[in-house]
Amino acid sequence: MAASRNRAPGDLDLVRRFINTADLEQHSDEIATPAQLEDWLRGAGLGPEPVDEAGHRRALALREALRSLALANNAGQAYPVDLATLNRAAVECRLRPRFTSAGAARLEPEAEGLDRALGRLVAAVYEAMAGGTWNRLKACRKHSCRWAFYDSSRNHSATWCNMAVCGNREKAERFRRRQSNLS
């Protein structure tokens, strides 16, 4: 499902890729086990970090909270539990501002291990929100899909991860519903 047109700028693309480790349509999960999460973190440049069962559950909860918040960017609803998960992760990762001599500022995790890796993801979300790009990271509205994509359309109106796939499916389903209501 991933397409290069869906890439997000900077570290926000890391968040998009993290969300998309679960492919809901294919019923597959790249990080279904702690070992797979370790491999993914290493491949994403966030590891190697050892992952235990509790850390794995926290990472999966963060991923699904981020997916839900990306759906809220696509005319969905931001649920308090998802915001609480994101806030809890920020605390666990001990995010702190860091200022540079070049006059820039960024958030960096002070935690070690898995919390440091997850903190990089949470910091990327914060920076995207502060920079105005977060609202363009969306989850596909097609319930069976929910693939995260970056809306690069001029008017921020993209609804589906891929118009040729999910968009056409959704339009065909609506057409069939209308036709069955007429009969």
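Which side chain meets that of glutamate 64 in a salt bridge? The partner is arginine 63, at 2.8 Å from N to O. By salt bridge I mean a side-chain nitrogen of Lys or Arg within 4 Å of a carboxyl oxygen of Asp or Glu.

Before going on, a note on the source. This is a predicted model, where local features need pLDDT of at least 70 and side-chain atom pairs count only at pLDDT 80 or more, while totals for chains, interfaces and linings use all residues. Residues are numbered from 1 along each chain as its sequence is written, and side-chain values use heavy atoms, with hydrogens and water left out.

Back to the pair. Arginine 63 is buried, at 5% relative accessible area, whereas glutamate 64 is partly exposed, at 31%. Buried means under 20% relative accessible area, exposed means over 50%, and partly exposed lies in between, using a 1.4 Å probe and protein chains only.

The structure holds 13 salt bridges. Another one joins aspartate 13 and arginine 16, at 2.6 Å from N to O. Both residues lie in helix 1, residues 12-19, three residues apart, or about one turn of the helix. Helices here are DSSP runs of H or I, at least four residues, numbered from the N terminus. Aspartate 13 is buried, at 2% relative accessibility, and arginine 16 is buried at 5%.

Last, arginine 106 pairs with glutamate 108, with the closest N and O atoms 2.7 Å apart. Through shared partners, salt bridges link Arg96, Arg98, Arg106, Glu108 and Glu110 into one network.

Conventions:
Helix = DSSP H or I, 4+ residues; strand = E, 2+ residues; numbered from the N terminus.
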